[in-house]
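Good morning, and thank you for making time on the agenda.

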Amino acid sequence: MSSVPENAPEHCPGTDSSNAGQASACAGCPNQQICASGAAAAPDPDLAAILARLATIKHKLVVLSGKGGVGKTTVSAMLARALAAQPLTQVGVLDVDVCGPSQPRVTGTVGNAVHTSASGWSPVYIEDNLAVMSIGFLLESLEDAVMWRGPNKNGLIKRFLKDVEWEGLDYLVIDTPPGTSDEHLTLAHYLLQGNAAAAVVVTTPQEVSLLDVRKEITFCERVKLPMAGIVENMTMFVCPKCKGESVVFPSATGGAASLAAESGVPLIARLPLDPLVARACDEGTNFLLDHPDSPAARAYLDLAQKIKEYFSTNGPFVS
């Protein structure tokens with residue numbers, strides 16, 4: 001009988017099947033080449049090291065969005081800063097958007113380099129309790145184009161999971177590219193073999209965004225990645241001077257609230273569109289410190305509290 005790998009995509013033919021690595025369900029699977037070569041029975045030589053490294057991280061949060069342009073990178077960085085607002089909470093940001101790394105710019109770490117030691121790669125620290133790792137630190141310039149196929153992307157993500165020396169984190173926020181492809185499958189494959197992993201799905205109110213987010217929710221259900229909730233970004237515009245609110249992207253179908261009711265995934269944040277957040281991300285500054293009383297700062301701090309409550313109730317998660 002054909003053996004089906006743990007966390008395999010739906011309709012996986014199994015590693016012993018003559019169709020292993022060649023079926024339509026195999027497209028995008030990080031193990032596709034191994035299965036197709038007939039070497040699927042061979043153990044993953046990096047698995048033990050990856051799981052050992054992940055065991056030092058209490059909670060892993062994957063930030064997903066099926067569509068680009070919804071502010072996923074901004075949400076990842078701002079959420080990480082909000083979690084790190086408590087000085088004793090150790091937080092890391094892992095940027096696995098291999099072809100479009102933006103975290104160095106957003107976190108103000110452009111120009112930093114990764115240092116290598118016998119114990120692995122050292123992430124770049126923004127604060128004493130907030131660190132970042134990105135392929136952007138490995139490039140000569142952020143303008144360099146990364147033109148890699150899936151196996152190379154998967155290999156780098158495995159190195160990030162195996163070799164980055166986080167020194168024990170309370171939270172690792174993982175910023176992913178749009179979609180449900182190689183990077184997402186590789187992350188799910190390894191994270192779900194450890195403890196306390198979950199996802200948040202970012203959307204904007206428009207139906208064109210919600211359509212892609214529905215696919216992201218389906219992805220999480222198929223790979224059995226728990227969902228902490230849905231985050232609706234750019235819900236309303238907040239004037240930085242008068243603090244007045246107005247709807248910029250009206251929803252014709254009820255927005256994220258309707259999607260939450262439809263999917264059963266809770267809506268845990270409705271984040272305002274504040275030009276000062278965009279400026280802070282462009283300049284790499286800490287919006288939460290510079291504008292602590294703004295509606296956006298309060299919304300992000302509230303989101304961080306919801307994430308803490310989720311993990312305190314649902315973690316550690318064991319697949």
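The structure holds zero disulfides, a disulfide being a pair of cysteine sulfur atoms within 2.5 Å. This is a predicted model, in which local features need pLDDT of at least 70 and side-chain atom pairs count only at pLDDT 80 or more, while totals for chains, interfaces and linings use all residues. Residues are numbered from 1 along each chain as its sequence is written, and side-chain values use heavy atoms, with hydrogens and water left out.

What is the distance from the sulfur of Cys239 to the closest cysteine sulfur? That sulfur belongs to Cys242 and is 3.5 Å away, too far for a bond. UniProt, in an unreviewed entry, lists Cys239 and Cys242 under "binding site"; such positions follow the numbering used here, feature names are shortened, and annotations may be inferred rather than shown by experiment. Cys239 lies in the loop between strand 10 (237–238) and strand 11 (245–246), and Cys242 is placed in the loop between those strands too. Strands (E, at least two residues) and helices (H or I, at least four) are DSSP runs, numbered from the N terminus.

Cys242 is exposed, at 59% relative accessible area. Exposed means over 50%, buried under 20%, and partly exposed in between, with a 1.4 Å probe and protein chains only. Cys99 is partly exposed, at 42%.

Now to the helices. In helix 3 (residues 72–83), 11 of the 12 residues are buried, so this helix is largely enclosed by the rest of the structure. Among the buried residues of helix 3 are Lys72 and Arg81.

Key. The expected span of a helix is 1.5 Å times one less than its number of residues.
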